[in-house]
Amino acid sequence: MGEMSGGQEEKKSGADKNLNEGLDRRLDKGLSKRLSENLNTDTNESLSEGWKDDLNTGANESLSADWKGDLNAEANESLSADWKDNAALDGNDPVPEDGEQVQQLELNIEVPEESHSATKAEELAAAAERPAGAEGGSRNLRFINAKIVTPDGVIDGGTCVVADGRIVSVEDAEGQAVSVVGNGQGGSAAKGKDEQVVEAAGHRAAESDLHRTQGSKTDGSEQIVDAAGHRAAKSDPHRTQGSRTDSCEQIVDAAGGWLLPGFVDIHVHGGMGEDFMDAGKPGVLETIAKFHGSHGSTSMLATTMTATHDMIDGVLEAVWAYRHRQQSGMPGRDIGANGGRGTDSGSGVDDRMHSGTSPGASIEGVHLEGPFISPKWPGAQNPDHISQPRTDWLEDWEARFPGLIRQLTLAPEREGALETIAWLRANGRTAALGHTDASYEEVQAAVGAGLNHAVHTFNAMTPLHHRGPGAAGAVLGSDEITAEIIADGIHVHPGAVKLLAKVKTDGNLVLVTDAMSAAGLGDGDYFLGDLPVKVEGGVALTQGGALAGSRLTMIEGFRFLVRQADLSVERASHAASAAPARQAGIYEKTGSIEQGKRADLVLLDEELDLRGVWAAGQKIG
């Protein structure tokens with residue numbers, strides 16, 4: 001820890017002087033005794049003795065800046081960064097940057113009326129009312145009493161610890177780590193001050209509990225909330241045995257609910273009145289990301305429609321620029337050199353952690369649905385823009401926007417399609433069939449060239465028949481093909497969803513929404529790309545009567561898989577998170593609850609109602 005300059009010494013000396021005068025003038029004579037009674041001298045001996053010594057003798061050197069702010073509003077106006085460092089407990093606790101929330105300690109001390117603490121009290125109340133995940137809110141979380149879905153199974157009564165936007169520890173009901181990563185972050189924190197218990201609106205509870213960690217030391221300003229965001233009625237005395245919690249940690253009591261990895265939607269066209277084809281217009285990408293983020297999607301691929309080269313080019317430019325803004329300042333990432341995929345090499349997650357806010361789902365790239373499709377199966381695609389496969393277009397886009405295109409949907413029977421599929425797979429992209437008139441045999445030939453995915457299975461493809469299995473039969477019968485399903489009960493009958501789930505058992509079932517701009521809104525007139533669409537009774541149709549996307553969200557599709565298709569929560573979670581993350585090429589950073597991965601999380605109650613969504617550790621909505 002660095003030495004203080006002369007100016008810093010002077011500021012510190014002035015702060016001490018003001019603080020002592022304030023203490024003499026404002027604090028009642030029984031302060032030391034009351035502090036001694038409030039503090040647990042068994043588990044916090046070194047802290048309480050230090051605090052008593054400081055306050056009784058006037059040696060206030062170890063009081064942190066925010067303590068001084070609580071006791072004397074004038075004493076903490078201009079403390080330097082080095083002084084903050086000297087005040088940090090053990091020299092290890094991170095000091096909040098400017099603009100971050102500094103959670104104050106509740107001393108439970110009566111202040112005489114003549115004190116000038118009214119303004120400070122208002123500031124503290126405002127800070128306490130600030131919801132977790134809002135600007136300056138806690139970035140460190142501890143989910144307790146949860147059924148945690150991990151790649152190795154469900155942990156009942158488990159704990160998941162998040163620090164700086166990453167998952168750092170997963171523990172079972174006995175507090176034992178179920179997986180370990182040697183990054184030194186999980187469960188290691190310095191001595192703490194106190195824990196803050198907040199109610200649903202973020203108000204501070206009347207009393208704080210210094211005994212609930214059963215022999216483990218916790219850092220300052222813990223917040224205890226249940227799955228709905230309400231103050232926990234009773235904390236779990238075993239949840240931190242043998243470990244310590246991190247700075248400004250918020251405790252989220254799942255109350256027996258489900259903690260899932262954030263949903264990954266790789267086929268979504270829009271929502272809340274906006275369409276990804278209008279990505280160049282202000283606010284479009286943010287609106288779609290916020291809407292779907294609030295319904296469980298923490299990652300998505302912006303999906304285009306069959307359109308002209310220039311129209312698609314404009315979408316790619318807009319999304320590319322948006323991702324640069326979204327990821328600016330992200331340590332350990334290099335968009336240009338690494339195709340936008342990032343290395344995730346240091347502690348960086350994305351700028352949502354640095355800004356203190358979460359804009360919603362992370363747009364991880366683009367899914368081109370068309371224009372290389374069959375004119376016989378256009379569905380809601382504009383037939384005027386259908387083109388033969390053009391690998392030269394893809395090469396140009398890859399050169400200008402490396403790594404941005406993650407998936408391409410095409411009709412594999414079209415001339416030049418096999419060469420395009422081979423190019424896609426050679427470049428690590430998903431090659432998907434869709435809007436296709438291909439026979440069973442033609443699909444099998446495409447699988448040989450590298451085809452590995454099918455969009456909205458059963459829709460806009462040759463159907464299954466016992467004498468001609470068609471594209472649908474090839475999808476069902478090919479383990480190499482990962483199959484999307486729109487689980488809304490409109491696009492596919494629940495029985496057909498069950499059938500698909502029975503044959504796609506090797507992690508190759510993917511839930512998608514195929515949502516269009518009407519998602520989140522009611523019946524009315526909309527556009528899907530440049531085609532007019534009417535929504536009636538929740539069903540979107542083109543003027544020609546073709547289904548035109550959906551109004552589905554990922555949480556609704558997830559519940560459909562569990563309730564209508566009889567999938568387990570664990571398997572439905574895989575279809576909504578891990579499987580699509582793998583197809584999008586982002587599984588190394590999201591799609592499962594594992595140490596080191598981005599803290600993209602969805603919390604449900606036992607009835608599968610959505611209780612909260614966190615993207616990179618920041619709460620959405």
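Me: How many bridges join β18 to strand β19?
Reply: Five. This is a predicted model, by the way. Strand β19 covers residues 531–536 and runs antiparallel to β18.

Me: What is the bridge partner of Y526 in β19?
Reply: V533 is the partner of Y526.

Me: What order do the strands take in the open sheet?
Reply: The order is β18-β19-β20. Three strands make up this open sheet, with antiparallel pairing.

Me: Which are the edge strands?
Reply: β18, residues 524–528, and β20, residues 539–542. Each of them pairs on one side only.

Me: How are neighbouring strands turned against each other?
Reply: By 35 degrees on average, with direction ignored.

Me: Switching to helices. Where do α11 and α12 sit in the numbering, and at what angle do they cross?
Reply: Helix α11 spans residues 417–426 and helix α12 spans residues 440–449. Their axes cross at roughly 35 degrees and come within 8 Å.

Me: Is that crossing left-handed or right-handed?
Reply: Right-handed, as α11 passes α12.

Me: Which residues meet there?
Reply: From α11, L418, I421, A422 and R425. They meet A445, A446 and A449 of α12.

Me: What kinds of residues are in the contact of α11 with α12?
Reply: Six are nonpolar and one is charged. No polar residues take part in the contact.

Me: Which ones are buried?
Reply: M554, I555, G557, F558, R559, F560, L561 and V562 are the buried residues of α15.

Conventions
Residues are numbered from 1 along each chain as its sequence is written. This is a predicted model: local features need pLDDT of at least 70, side-chain atom pairs count only at pLDDT 80 or more; totals for chains, interfaces and linings use all residues. Side-chain values use heavy atoms; hydrogens and water are left out. Two strands pair if DSSP finds at least two bridges between them. Helices (H or I, at least four residues) and strands (E, at least two) are DSSP runs, numbered from the N terminus. Axes are lines fitted to C-alpha atoms, for helices over the stretch in contact, and angles run from 0 to 180 degrees between N-to-C directions. A crossing is left-handed if the near helix is turned anticlockwise from the far one by less than a right angle, and right-handed if clockwise. Contact means heavy atoms within 4.5 Å. Ala, Val, Leu, Ile, Met, Phe, Trp, Tyr, Cys and Pro count as nonpolar, Asp, Glu, Lys and Arg as charged, and the others, Gly among them, as polar. Buried means under 20% relative accessible area, exposed over 50%, partly exposed in between (1.4 Å probe, protein chains only).
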